[in-house]
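Let's take a look around this model together.

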Protein chains: 2
Amino acid sequence: MNFESVTIKDIAKELGISASSVSRALNDSYEISERTKKLVIECARKLNYQPNSMARSLKQGNSKAIGVVVPLVDNRFFSQVIDGIESIAHSKGYNVIFTQSRESSKLEMFNVDHLTSHSIDGLLMSLSTETTDVGYLKKLHAKGLPIVFFDRICDEINTHKVIADNFMGALEGTTQLINAGYRKIAHITGSINVSITKERLNGYKLALERNNIAVNEQHIKYCLYGGKDRKEIENILIELLYGENRPDAIFTASDMITTTTFSLLHQLKFSIPKDIAILGFSNVQEADILNPSLSTIYQPGLEMGKKAAEMLIGLIETKRHIINFETVTLPTQVHIRNSSLRAE
Amino acid sequence: MNFESVTIKDIAKELGISASSVSRALNDSYEISERTKKLVIECARKLNYQPNSMARSLKQGNSKAIGVVVPLVDNRFFSQVIDGIESIAHSKGYNVIFTQSRESSKLEMFNVDHLTSHSIDGLLMSLSTETTDVGYLKKLHAKGLPIVFFDRICDEINTHKVIADNFMGALEGTTQLINAGYRKIAHITGSINVSITKERLNGYKLALERNNIAVNEQHIKYCLYGGKDRKEIENILIELLYGENRPDAIFTASDMITTTTFSLLHQLKFSIPKDIAILGFSNVQEADILNPSLSTIYQPGLEMGKKAAEMLIGLIETKRHIINFETVTLPTQVHIRNSSLRAE
DNA sequence: TTGAAAGCGCTAACAG
DNA sequence: CTGTTAGCGCTTTCAA
């Protein structure tokens, strides 16, 4: 704020005491008399004093701000995460500085650079689809920047992480499809770069194996753009549905892929679940009122954001060196609705 | 970042020159020789120098950060707005510091306080449902803090504002219901405190008047909690649908109210649009694949965020005093789908 | 073209 | 309990 502002000097002058006394009074130091403290606080209110947090930060070497990098905010899951982050950060007196990588690894790097040079006390990261090299993050982490990863994590950096139980969600979801009588279950998923892709793929495969269904690699389709590109999914669906060995169900691995696939099945005039069943990861709020209602695997976005923020602030405020980093896995919830019921 | 960091002093020492020369070189000042400039830039890269933006801000009196207060982020419309804000801010080198009021006027005030004391250069605001007194904002604005309001604006403060064309959207939407043959059109809306409530109500009323339909105040229902409370809407619906003079259509005034009403109509076993038609303001992505597909009035969230951020940064970077503040109105889009078609 | 020095607003070590 | 002083990292006069 470059507009007129009251400093501790003004208060000092007003009261005819030193600036340090004012500082002490305002910071509720023990080495100040009750009388002066009251006087100062009174005067501060009167002059409408606002502490300049940049000066304080500069002095103290911390900023009481945490940086966040998400792939995108216009997405129910990530906006829930951000909601959670904000609520914890706020309650602990931290600001949230917020950026989007838009699934670009270049933008991601730029954002991290920008954030760290703007003096954040710690970083909350969910990697972009594109990212394969986390060397720069590793360096920052080695230098001492507290980092907590959530959802889209990476193995190379040893720090706290929070994920949903992607493996279990995929296992349970796929198993439900099998229990409903489906045998030829296709899997449409994101880029193989991303941690969650592998976890979900493994759950899917195990469900098939447990039920003595051979994994058909033709039925596993990767979206390079993480489902952002509707055309890409449309091509995949056409390949699956008009090709040989047509699947009778689809297990989709992300919010965007799930709803886009659902919408495309409508567009292509397939009847769900008669012609093809669908069940997928999604936090869409309207699952119950879709046509038909959509079976989903729900990820606890709000809780993830809260947990990640708590862990990060924990790291920031711990003086001693942390050795035992933790990966917290939050349960996913499988909601069976009509889109994955037995046909007929 | 309280971990080891390189300062201009380190560079100065390394090169045997003064800190001011380093500063000049780094800032591409005209009063520096090409030779030293190169040397400094080279050395900065080598030492991996990161400028401390807090020190710079403290000195220069600006922070290159803008504060944002939204009612909530876990909402498609507001997350689109934030997406837009972030994209513009980012491209102009500003950080976005982000807070939620959670529809509480107390939290809103707290957030603004926190933001301004954290030295933001400007503020982007959408008021909470609860807010009636904007005196504190008025004071800040009078003191020189650039503020731009979006969506939920207020009349009392004379500054730039960005809104959707709520009046026109409501007028067109209601008219469509009338054209489809509905005559008894109820209106469920938010708190009357909020600017958009009035604008939408006016559009609704004009549509009725133009078609010689008397406005029935019994058919206009206000949600005090802006639709956050499902029970509140349920009570309203029961009153409307099981009372006298049952409406044949509902025009809903916000995202949350629209989808919740839709979902409750399902739950109450009403057939849409046979028993009751519905059309409302909503940015829900799944409108096409709902059961039945949902007629919506769409607000350009992304554009609103971009425009608001542009205007704010304009205000921040303009030296001269602004007198002519502008209210930008962005068009809404009415999408007619099955939920508001003629019954049978 | 460069360096010395002051100062942004605040905190904290030191001295009284 | 209080004041003096130094300094966080940076920019910017002022002098040279």
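## Around the DNA

How many nonpolar, polar and charged residues does the surface near DNA strand D have? Sorted by class, there are nine nonpolar, 11 polar and five charged residues. Keep in mind that this is a predicted model.

So who's there? DNA strand D is surrounded by 25 residues. The closest are A:Ser33, B:Thr7, B:Ser20, B:Asn52 and B:Ala55. As for helices, at least two residues of this surface come from each of these: H2 (19–26) and H4 (53–60) of chain A, and H2 and H4 (53–60) of chain B.

## Two chains, one axis

How do chains A and B relate?

Now for where they touch. Of the interface residues of chain A, 98% are also interface residues in chain B, so the copies meet through the same surface.

## A pair of helices in chain B

Let's go back to H2, this time in chain B. Helix H2 (residues 19–26) of chain B packs with helix H3 (residues 34–47) of chain B at an angle of about 90 degrees, and their axes are 9 Å apart. The two, H2(B) and H3(B), are therefore roughly perpendicular to each other.

Which residues make the contact of H2(B) with H3(B)? On the H2(B) side they're B:Ser21, B:Val22, B:Ala25 and B:Leu26. H3(B) brings B:Thr36, B:Lys37, B:Val40, B:Ile41 and B:Ala44. By class, this contact has six nonpolar, two polar and one charged residues.

## The sheet in chain A

Over in chain A you'll find an open sheet of six strands, in the order E7-E6-E8-E9-E10-E12 and with mixed pairing. Its edge strands are E7 (220–222) and E12 (333–335) of chain A, each pairing on one side only. On average, neighbouring strands of the sheet are turned by 15 degrees against each other, direction ignored.

Zoom in on E12(A): three bridges join it to strand E10 (residues 295–298) of chain A, and the two run antiparallel. Here A:Thr296 stands opposite A:His335 in E12(A).

## Helices on the sheet

Helix H11 (residues 255–267) of chain A packs on the sheet, where it touches E6, E8 and strand E9 (277–281) of chain A. The direction of H11 makes about 160 degrees with that of E9(A).

Helix H9 (residues 195–210) of chain A lies across strands E6 (185–189) and E8 (249–252) of chain A. H9 runs at about 175 degrees to E6(A).

How values were computed. Residues are numbered from 1 along each chain as its sequence is written. Chains are lettered from A and ligands numbered from 1 in the order in which they are written. This is a predicted model: local features need pLDDT of at least 70, side-chain atom pairs count only at pLDDT 80 or more; totals for chains, interfaces and linings use all residues. Two residues are in contact if their C-beta atoms, placed from the backbone, lie within 7 Å. Axes are lines fitted to C-alpha atoms, for helices over the stretch in contact, and angles run from 0 to 180 degrees between N-to-C directions. Helices (H or I, at least four residues) and strands (E, at least two) are DSSP runs, numbered from the N terminus. Angles under 35 degrees count as roughly parallel, over 145 as roughly antiparallel, 65 to 115 as roughly perpendicular and the rest as oblique. Ala, Val, Leu, Ile, Met, Phe, Trp, Tyr, Cys and Pro count as nonpolar, Asp, Glu, Lys and Arg as charged, and the others, Gly among them, as polar. A residue is near a molecule or strand if its C-beta atom, placed from the backbone, lies within 6 Å of it. Two strands pair if DSSP finds at least two bridges between them.
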